[in-house]
Amino acid sequence: MNTFIIGATGFVGGALARHLSARGHKVTGLARTRSAAALASQGIAPVAGDLDGHRPAAVEAAQDADTVIYAAQPGPEQETATVQDLVRALTGTDRTLLFLSGNGVLVQRTAGAWSPDVFAEEDPVTPEPLAAYRKAAEDTVRAAAQDGLRTMVIRPGLIWGPGDHGHVSMVYRSVAATGAACYIGEGLNTYSHVHIDDVTRLFSLALERGRPGGLYHAVAGETPNRWIAERVAADLGVETRSLTPQEAADVWGEFGALVMAVSGRIRAVRAQQDLGWRPRHTDMLTMIGEERLRRLATPAR
């Protein structure tokens with residue numbers, strides 16, 4: 001199968017490219033000039049282009065593929081335009097279009113407090129305002145399944161694994177900034193998580209047996225931020241510290257502080273029932289103590 005990945009140089013897109021290539025797919029990936037050689041070295045054929053001024057090149061490459069996977073993380077305007085262009089170009093072709101989203105579309109701003117709310121795929125949600133554009137892109141992709149295009153949306157929780165930049169790494173970075181392993185408020189807010197290998201397996205299952213217009217969650221566990229901070233503190237021999245939202249912005253930046261203060265809990269009902277997907281990696285805290293993470297706790301000089 002000829003698979004074209006938009007976002008093939010990113011954390012998730014790169015893992016998908018390697019996974020599908022190993023399974024016998026002919027994989028091409030969108031890449032800026034400076035990233036093309038890195039893709040080629042992994043056996044992924046680079047397609048020169050981007051989602052800004054060279055988006056037509058991406059759409060043209062999509063039309064030459066059997067399957068298109070959108071796994072990019074551009075700005076709202078680029079994502080909206082790209083999804084609209086892809087759907088317009090592929091409608092009626094019976095090709096497959098998979099869209100990588102995330103549970104960021106349904107997070108709740110709890111300021112570090114726990115939330116009892118947990119969402120399965122078809123549960124109604126109120127989109128997080130900053131992610132409303134992504135929920136709209138999801139809806140556009142799923143609606144296109146009625147027009148001769150096999151489309152699906154994959155919505156994982158926080159994705160962790162080798163080289164990630166998620167909550168565990170952010171807590172390690174807080175030690176460099178403050179001398180303590182930090183969380184916000186009570187630190188009981190919970191963001192459902194899933195390992196990158198389990199995400200790539202879900203994509204494979206969706207390609208094999210997913211239903212047109214389907215939405216599939218990927219989640220393997222939940223770990224409140226304070227628990228992460230306590231484990232990082234034990235690893236480094238430091239204290240934990242609760243931050244106010246204002247203090248958190250000084251540590252992680254405004255967007256990072258928002259990410260560390262919200263709750264985003266999901267259930268993978270359709271993924272398990274329809275596709276038979278089950279996570280194999282369930283404990284995100286197994287990363288604690290990795291040297292790459294400990295280096296993040298060292299203040300810059």
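Close-up 1. The model shown here is predicted. G179 sits in the loop between α6 (167-178) and β9 (181-184). Residues up to four places away in sequence aside, G179 touches S174 and V238.

**Close-up 2. G179 and T298 across the chain.** In sequence, 119 residues separate G179 and T298. In space, their C-alpha atoms are 9.3 Å apart.

**Close-up 3. The largest pocket and its centre.** The largest pocket holds about 1400 Å³ of space. Its lining is made up of 50 residues. Nearest the centre lie A72, Q73, S101, R134 and F255.

**Close-up 4. Elements and residue classes in the pocket lining.** Several elements each give two or more residues to the lining of the largest pocket: α1 (11-22), β2 (26-31), α2 (33-41), α5 (132-143), β8 (158-160), α6 and α9 (245-259). Helix α9 gives the most, with four residues. By class, the lining of the largest pocket has 25 nonpolar residues, 18 polar ones and seven charged ones.

**Close-up 5. H19, a buried residue in helix α1.** H19 belongs to helix α1. H19 counts as buried because its relative accessibility is 18%, and buried means under 20%. Neighbours within four places in sequence aside, H19 is in contact with T200, R201 and S204.

Notes:
Residues numbered from 1 in each chain as written. Predicted model: local features only at pLDDT ≥ 70, side-chain atom pairs only at ≥ 80, totals over all residues. Heavy atoms only, no water. Contact = heavy atoms within 4.5 Å. 1 Å grid on protein atoms, 1.4 Å probe; cavity = no way out; pocket = protein on both sides within 12 Å on 5 of 7 lines; lining within 4 Å. Points joined across faces, edges and corners; volume = space filled by probe spheres on them. Nonpolar A, V, L, I, M, F, W, Y, C, P; charged D, E, K, R; others polar. Buried < 20%, exposed > 50% of the residue type's maximum accessible area, 1.4 Å probe, protein only.
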